[in-house]
Amino acid sequence: MSSTNRTLDDLDRLSFRLARIIRQNFPQLATQGFTLTDLEERLLPFRETRREMAEGGTDSWERAMLRLLSGERGFLIAEPGLRDACRNALAVPSPTLAMVRTWSGSLLTLGGSEGGTEASAAAMKLAGHSCRYCGGRHPHGRQVTFCPHCGLDMTKQQCPACSTELDAGWRYCVTCGRGTETAVEAPVERRLAS
C-alpha cells in the first residue's frame, strides 16, 4: 500500500499525541529523552489515550505501543535490544508490554525532526513549509497534499482536545465542539485587517 493512500492508524495517533505532549508540556524531553516507564505512565497512559485509539481496548493500545517502541515508521528511537524485544512480542498472538518490561529504564527519543534541537524546530516553524504532524520540511513552490516525510494527509487536521480528524478548513470540532487553531486565528486576522 502506498503512503498516499494511507489513513491515520493507532500508531500515528499515539506518535502525534506523544510529540504534542512533549512539545507542549515537557519540551526538555525532546533533547534529553525519556524512559519506557515515563512513556507508559506519564506520556501515553492507557487511561488518557484510549479514546484516540480506533478500537479503544487495551489490546490495540498495547499493540500500538509495541509498534511505536519497535521503531516502526521511525517515530521513536529505542535501544536495539528493546526494538528487537518489541518485534518479537508483536509476533505472538496476544502481545503485551509486560513482555518488554525488563527495558523499563532504557532511553527513548523522538524520531525524525521531533528529536532535533529547539532552534531547528523553530526555524522550520518560521519557514511555514513544514508538516504540522512530523515537522518535516515540504518542498517550496509545490502544493502538498501528503507530507513527503510521514505520508499523512495535509488537508486534514486534528482537534487539539480530542484528536478527532477534521477537514483543514473546519473551525470547530464535530465531536467535542472545541475551536481549532483556525477558529482562534480568524478573529485576530479580522482585528489586524481593520
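This is a predicted model: local features need pLDDT of at least 70, side-chain atom pairs count only at pLDDT 80 or more; totals for chains, interfaces and linings use all residues.
Where does Thr 37 sit in this protein? Thr 37 has its place in helix H3, and I'll come back to that residue in a minute.

Okay, the overall picture. The protein has 194 residues, and 40% of them count as buried. Its secondary structure amounts to eight helices and five strands. If you walk along from the N terminus, the order of elements reads α-α-β-α-α-α-β-α-β-α-β-β-α. For those of you who like surfaces, the accessible area comes to about 10,700 Å², and carbon and sulfur atoms own 52% of that. And on contacts: take those with a separation of 6 or more, and 47% of them are between residues 24 or more positions apart.

Now the inside. In soluble globular proteins, nonpolar side chains tend to be buried together. Here, the largest nonpolar core holds 32 residues, and the members that touch the most other members are Leu 18, Phe 34, Leu 39, Leu 69, Leu 76 and Leu 108. Which elements give two or more residues to this core? Those are H1, helix H2 (29–32), helix H3 (36–43), helix H5 (58–69), helix H6 (80–90) and strand E3 (107–110). H5 supplies the largest share, six residues.

Let me zoom in on Leu 76. Leaving out residues up to four places away in sequence, Leu 76 touches Leu 18, Phe 34, Leu 39, Leu 69 and Leu 108, among others. Its contact list also includes Leu 68, Gly 71, Thr 109, Leu 110 and Gly 111.

Is Ile 22 buried or exposed? Its relative accessibility is 1%, so it counts as buried. Beyond its neighbours within four places in sequence, Ile 22 is in contact with Pro 27, Leu 29, Ala 30, Phe 34, Leu 43 and Leu 110. For Leu 43, which is 21 residues away along the chain, the C-alpha separation from Ile 22 is 7.8 Å.

What does Asp 10 touch, if we skip residues up to four places away in sequence? The list is Glu 52, Met 53, Ala 54, Glu 55, Ser 60 and Ala 64.

On to helix packing. Two packed helices are described by the angle between their axes and the distance between the axes. For H5 and H6, the axes come within 8 Å and cross at roughly 145 degrees. The crossing of H5 past H6 is left-handed. On the H5 side, the contact is made by Arg 63, Leu 66, Arg 67 and Leu 69, while H6 brings Leu 82, Arg 83, Cys 86, Ala 89 and Leu 90. By type, that contact splits into six nonpolar residues, three charged and no polar ones.

If you follow the chain out of H5, you get to Arg 73, in the loop between H5 and strand E2 (76–77). What is phi doing at Arg 73? Phi is near 65 degrees, a positive value in a residue other than glycine. Arg 73 counts as partly exposed because its relative accessibility is 34%.

Back to Thr 37, as promised. At 29% relative accessibility, Thr 37 counts as partly exposed. Setting aside its neighbours within four places in sequence, Thr 37 is in contact with Arg 42 and Ser 104. Thr 37 and Leu 107 are 70 residues apart in sequence, and their C-alpha atoms are 9.8 Å apart in space.

Last stop, Thr 145, in the loop between helix H7 (118–127) and strand E4 (156–158). Thr 145 has 33% relative accessibility, so we call it partly exposed. Which residues is Thr 145 in contact with, leaving aside its neighbours within four places in sequence? Those are Leu 152, Asp 153, Met 154 and Thr 155. With Thr 155, ten residues along the chain from Thr 145, the C-alpha atoms are separated by 6.2 Å.

That's my tour, thanks.

Technical notes:
Residues are numbered from 1 along each chain as its sequence is written. Side-chain values use heavy atoms; hydrogens and water are left out. Contact means heavy atoms within 4.5 Å. A nonpolar core is a set of buried Ala, Val, Leu, Ile, Met, Phe, Trp, Tyr and Cys residues joined through side-chain atoms within 4.5 Å. Buried means under 20% relative accessible area, exposed over 50%, partly exposed in between (1.4 Å probe, protein chains only). Helices (H or I, at least four residues) and strands (E, at least two) are DSSP runs, numbered from the N terminus. Axes are lines fitted to C-alpha atoms, for helices over the stretch in contact, and angles run from 0 to 180 degrees between N-to-C directions. A crossing is left-handed if the near helix is turned anticlockwise from the far one by less than a right angle, and right-handed if clockwise. Ala, Val, Leu, Ile, Met, Phe, Trp, Tyr, Cys and Pro count as nonpolar, Asp, Glu, Lys and Arg as charged, and the others, Gly among them, as polar. Accessible areas come from the Shrake-Rupley method with a 1.4 Å probe; for residues, only the protein chains shown count as cover.
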